Amino acid sequence: MTTTEHVYLYGTCTIDLFFPEAGIDAITLLEQYNIKAHFPPEQTCCGQPAYTSGYPQQAQQVALTQIAAFPENWPIVVLSGSCAGMMKHHYTHLFPDNHPQSIQAHRFSQRIVEFSEFLYHHLKITLTDYGQPVHAALHTACSARREMDTLQCSQQLLSQLHNVSVVSPAHEEECCGFGGTFSVKFTEISGAMVNDKCKALEATNIQHLISTDCACLLNINGCLAKRQKTPLQGEHLASFLRQRCQPRKP
Amino acid sequence: MSLENKVMDARTKILNRLHQAKIKQPLYSITDNKDKNNKTIDKSNSSVITNPGHKVKLLIEQLEKAHAHVVLGGAYDCQQQLLTFLNQQKVNCLLTGDPIPENINHILTTTSPLTAPFPRTIKPYAQPIEQWKNHLFDEGNAAITNCLAAIADTGTLVLLPSPIEPRTLSLVPPIHIVVLYTQQIVQSFDALLNHTCWPSVMPSNIVFISGPSKTADIQQTLAYGAHGPKVLAVFIIDDTKNE
Amino acid sequence: MPSSPFEMKASSVLQNEELQHSYRNAMDYLIKRRQQQFNDPLEWQTLRQKGTSIKTAALNDLPQLLLQLEAKLINNGIQVHWAETPDEANILITRLIKETTSSNPDLSPAPVVKGKTMVSEEIHLNQYLAQQGIPCLETDMGEFIVQLAKETPSHIIMPAIHKNKAEIAQLFKEHISGIYQDDVDILIQQARQYLRQCFENATVGISGVNFAVAETGTLVLVENEGNGRMSTTLPQTHIALMGIEKVIASLTDLPPLLSLLTRSATGQSITTYINMISGPRRKGEKDGPEKVHVILLDNGRSKLWQDASLRDTLRCIRCGACMNHCPVYSRVGGHSYGTTYPGPIGKILAPQLETQDNAADLPFASSLCGACGEVCPVNIPIPQLLLRWRQEATQQYQTNHCNHTTIPQQPTPITGLKYSRGQHLIWKTWSWINCHPKLYYFMTYLVTKWRILLPRQLGGWTLYRTPPRPASSTLHQRLKNK
């Protein structure tokens, strides 16, 4: 009998408010692999919006709340590359060596693992594809690509799905233009970036847009819907995998 | 305050500011750039020994990629090809160093079974540029020089301007012809340093030439002959071959 | 509505389809060229770390290296001058030009010829010389085009990247040939002939310096066209202008740095010409300048150097890779920034070097995608430095953020960055909510319950997107009810 492993799930505030099904799908998917994902209700925001806006003091206060919400020494599986990047790499900037909580923060950071990375590297899962043949594109948040280096994890997971053909849209590696408050402060530049991203997606023949970052999806989905050229709406990797890898009822 | 005092002041102020903070940033540990034996995977600093034939091949490949005209052969063969080249390019007036280097003189004056109408005149760079601009800018269609060495890795000719072959000889005329011997070819810049007395004695000017002049400043469209020579022709004399 | 100078300029570029097309093509070209050079990740990382170490070591020893460089240059017969400010540099250069021209009263006055140097743009040299009645002619093709158009360079490597062939053909028709034709080869030959006359008669040539080798007192200049060699060889006086951060220790430092520069900038393994100047014309030589002057320019660099994290900025070798890969630059173009150096490197230099109001905007005008930091050949942590400037603007930069310094850092005096009380209040409130999980739960519960009441127009967001629609219940609620 396989022992149950315990992990924490960090949902992210974007998923909390806009894509809660992704959180449920992630927990359900993990359960299939004997992973019990605990969701501490004391979790809120990782602090990134304040941090990237130049308010490290406020970010630090919020970070302390997150650190306190995950007391057990379990891995913290994060449903976003950019939130994972914040907690894994930037909390050390918020809590330098001479800070009283620096050791705690450091230990917390070491437990952070992004969702696709957890599935691929830690669980080393094998996926079985029960779905129909489809074309899909993978959008990776910039920090997943550059900070967390987890792009290849999502790519490898999708490559296991034999009926999913992954397509690369033009300028795939370019930012979608969200950048947190950037999209609000520099709306025209952000708008140009997300429109270009959508144009590139529309030019492919994909039926699915998958991402490990729902903040990007909030941005891209909103623009796709505004443009009305395609009914395509992106979803979190957890939702896509759960849907594809669920055996069909006879 | 006089300008001299103000300028002196600038030096003092700048250096004082730099002397105040004694921060040393950590270096990356992967390489020590002073260690010449360090075999890093570095295309620009290859210390891997390759055979001479490979070096020549690489040099030619790189030069041709950069749009240079390259000929490899024995001395006689190169000489014939050079005369053919001068005819094809219709070089009226060929500029050379002064006195004409012995090897170039030999190449240009040895008779050929074919009558060669070009070059019609050969002008050695006999005077300081101030008295020679007319020949350099208006009359000279091409110039022929030796070079110190060639670097295979990057397809580069190393020229050492001198009283005999001045800087502008390889710069102003629209065609630059270089005579090179296979034994002058080194693998890399580091290998070149091992063969010279640099850095302890530096010449006033060293020029590294890796192709004809070019630019892509107009809509990223490549065009040759922006300011320097439009044509670079390299005659590599394989001095291991017997005549 | 765009409000700042940056936003307004950016807006007009964003709405110009032709410019968008020009920029996209140009950036794609440069990105592809660089990618072809660095297709081996291990080789790239090794070379990059080598280059970073070389520059870091040189900056660690900056005062000693500058003194060594000065001594060696003087020993080689090169005259060395120091300038703290743009004004000082301009006054010096004017004096040196006048010394040359006044010593040759018989020669008809010819314009000063200039090779490509971004440092001269920094000090607004051309404008200053024009005010002194000294015409200064740009000789790099891109700079020449931009000068004819009475504009400034929009990219540090390809100054006329924003101009298409037709626009350039029109410029040449007006200023050079009188005939419109847009064959690129012919355009280049026209410029060549025109500038050749200027080279032939020029008495003063000005250039920048890519690297200055302290060990040997050598100025290293790279180029593809040959105008740099022309400008530094033909005139009797050569004035080389360089930022103090350009000094490197030894000759053997050059190959990796040159490799990083040329491959990152234009995707070339080497440029057509590398010119190493270690002195003026020597006895017996028939050409070369009789006088060579080097001006060591500070202009805020020593202040940057004093700060352990801002010092990283001085590693910059001016390759332009950061701006080529920047999704913001590739859409708004170089002129929108209103700074000498555009793009990501410009954003982190601007608060220190520039005094315009839009320096305030620039560190925020980034999605922090990290593409710039990823391609920087000398590992400048540009996104981190952008964050640093943002924290300076909010007055929250703390001295203990620099983990590798042992001395306290004073916040660097910066120009243009503004503190906003309103913003501060917003983030304080946000923090309060997120530090109180029950309050957060309640607020998010309200958002889901009242989602129908949320406004359809949400400022700039909804110009390009449908309004974000909260779910019927939050993840917190769903798991609580499970």
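**Note on the domains and chain contacts of a predicted model**

1. In chain A, the domain assignment gives domain 1 (5-121) and domain 2 (127-244). The structure is a predicted model. The C-alpha centres of these two domains of chain A lie 22 Å apart.

2. Where the two domains of chain A meet, 30 residues of domain 1 are in contact with 24 residues of domain 2. On the domain 1 side, the elements of chain A that give two or more residues are α1 (13-18), α2 (20-32), α3 (48-52), α5 (81-94) and α7 (115-123). That side divides into 12 nonpolar, 13 polar and 5 charged residues.

3. Chain A also touches chain C, in a contact that takes 56 residues from chain A and 52 residues from chain C. Among the elements of chain C that give two or more residues to its side are α1 (5-14), α18 (382-393), α19 (421-434) and α20 (437-449). By class, this side of chain C has 26 nonpolar, 19 polar and 7 charged residues.

4. Between chains B and C, 69 residues of chain B are in contact with 87 residues of chain C. At least two residues each are supplied to the chain B side by α1 (3-20), α5 (129-139), α6 (189-194), β9 (205-209) and β10 (214-215) of chain B. The largest share of that side, 12 residues, comes from α1(B). Its residues divide into 33 nonpolar, 24 polar and 12 charged.

5. Strand pairing also links chains B and C: β9(B) and strand β9 (residues 273-277) of chain C run antiparallel and are joined by 5 bridges. B:I209 stands opposite C:Y273 in β9(C).

Technical notes: Residues are numbered from 1 along each chain as its sequence is written. Chains are lettered from A and ligands numbered from 1 in the order in which they are written. This is a predicted model: local features need pLDDT of at least 70, side-chain atom pairs count only at pLDDT 80 or more; totals for chains, interfaces and linings use all residues. Two residues are in contact if their C-beta atoms, placed from the backbone, lie within 7 Å. Helices (H or I, at least four residues) and strands (E, at least two) are DSSP runs, numbered from the N terminus. Ala, Val, Leu, Ile, Met, Phe, Trp, Tyr, Cys and Pro count as nonpolar, Asp, Glu, Lys and Arg as charged, and the others, Gly among them, as polar. Two strands pair if DSSP finds at least two bridges between them. Domain bounds come from an automatic or database domain assignment.
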